[in-house]
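Hi everyone, thanks for making the time.

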Amino acid sequence: MTAETRAVTVLFDADKLILELHHDAEGAYHAFPGGGPGPAGKGVPRVALSLTEALHARIRPSGTAETVLRAWAEGTAPQGPAALVDPAAVPPVRVRAGAVVIRDGAMLLIRFAEEGGGSHYEIPGGGVERGESLEAAVLRELGEETGLAGTVGPEVARVWKDGRHEHYFLVAATGEVGPPETLDNYGGAPVWVPVERLPVTPLWPRRLSWRIKHWHRAGWPERPAELADSITELNRPCGW
């Protein structure tokens with residue numbers, strides 16, 4: 001199955017993006033004209049967002065939003081018809097739950113060494129098992145990969161990437177990282193990385209890197225961020 005590809009409209013007024021304002025059970029979100037529920041246009045309020053505001057808004061469909069925000073952040077804001085790409089509407093090939101653990105200004109990541117001396121990093125987490133809640137999966141995976149226990153806090157992000165639906169939770173972790181021989185992390189190693197370094201760290205998923213730094217400083221989102229992430233080059237700067 002592939003993502004739906006009907007058209008939406010990308011509109012700008014001067015340097016602001018025009019979006020429809022909708023609400024669901026979790027609160028307000030924004031949509032491109034033609035990308036929300038029901039017919040676009042009459043009776044649907046619209047708002048104008050700056051780039052900074054749009055980067056922190058819940059914009060649907062998330063696949064289209066990724067494309068538009070990336071182009072806008074890089075100086076070539078598109079306008080007019082655009083494909084509706086909504087990975088959230090496609091049944092996932094895998095559901096993943098991840099733990100955002102921060103202590104003393106550093107975030108716990110799993111480092112994977114690469115040929116040639118490089119490395120990339122992932123947020124601790126893994127696949128949700130049949131009948132398992134997201135919260136239970138977060139703590140199980142955290143324990144398996146790092147040896148830490150903890151308490152699950154709010155969900156801060158949902159990321160759609162390569163057919164996966166990923167859910168990231170703040171976790172107040174207890175204990176210390178376990179000995180390497182007791183951990184199950186597919187050859188990776190738990191490491192603490194300063195939060196301030198996350199935007200320049202080859203961290204997957206890439207679009208969370210700078211947001212976690214921002215949220216840690218400015219406050220965590222009231223509702224989970226919703227992000228499509230098609231980035232495969234983790235060393236490339238990302239600010240969208």
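Helices here are DSSP runs of H or I with at least four residues, numbered from the N terminus. And do keep in mind that this is a predicted model.

Let's begin with Thr-146, which belongs to helix H3, residues 134-146. Is Thr-146 buried or exposed? Its relative accessibility is 0%, so Thr-146 counts as buried, the cut-off being under 20%. What does the side chain do with its polar atoms? One polar atom of the Thr-146 side chain lies 2.7 Å from the backbone oxygen of Leu-142. The Thr-146 side chain also reaches the backbone nitrogen of Leu-148, at 3.2 Å. Leaving aside residues up to four places away in sequence, Thr-146 touches a set of residues including Leu-108, Ile-110 and Pro-124. Glu-176, Val-177 and Gly-178 are among its contacts too, as are Leu-183 and Pro-190.

Now for the aromatics. How many aromatic pairs are there? The count comes to two. One of them is Phe-12 with Trp-72, an edge-to-face pair with 4.9 Å between centres and 85° between the planes. This pair links distant parts of the chain: Phe-12 is in strand S1, residues 7-13, while Trp-72 is in helix H2, residues 62-73, and they are 60 residues apart. Phe-12 counts as buried at 17% relative accessibility, and Trp-72 counts as buried at 11%.

Then we have Trp-215 and Trp-220. Their ring centres are 5.9 Å apart and their planes make an angle of 50°, so this pair is tilted. Trp-215 is buried, at 6% relative accessibility, whereas Trp-220 is partly exposed, with a relative accessible area of 27%.

Trp-215 takes us to helix H4, residues 209-218. Which residues of H4 are buried? They are Ser-209, Trp-210, Arg-211, Ile-212 and Trp-215. And what do those buried residues pack against? Their partners are helix H1 (51-55) and several strands: S8 (102-103), S9 (106-113), S12 (149-161), S15 (203-204) and S16 (225-228). After H4 comes Gly-219, with a positive phi near 120°.

The charged end of Arg-60 sits over the ring of Tyr-29, 3.9 Å from the ring centre.

Methods
Residues numbered from 1 in each chain as written. Predicted model: local features only at pLDDT ≥ 70, side-chain atom pairs only at ≥ 80, totals over all residues. Heavy atoms only, no water. Helix = DSSP H or I, 4+ residues; strand = E, 2+ residues; numbered from the N terminus. Buried < 20%, exposed > 50% of the residue type's maximum accessible area, 1.4 Å probe, protein only. Polar contact = N/O pair within 3.5 Å; in protein donor to acceptor, adjacent residues only side chain to side chain. Contact = heavy atoms within 4.5 Å. Phe/Tyr/Trp six-rings, centres within 6.5 Å; stacked < 30°, edge-to-face > 60°. Lys NZ or Arg CZ within 6 Å of the ring centre and 35° of its normal.
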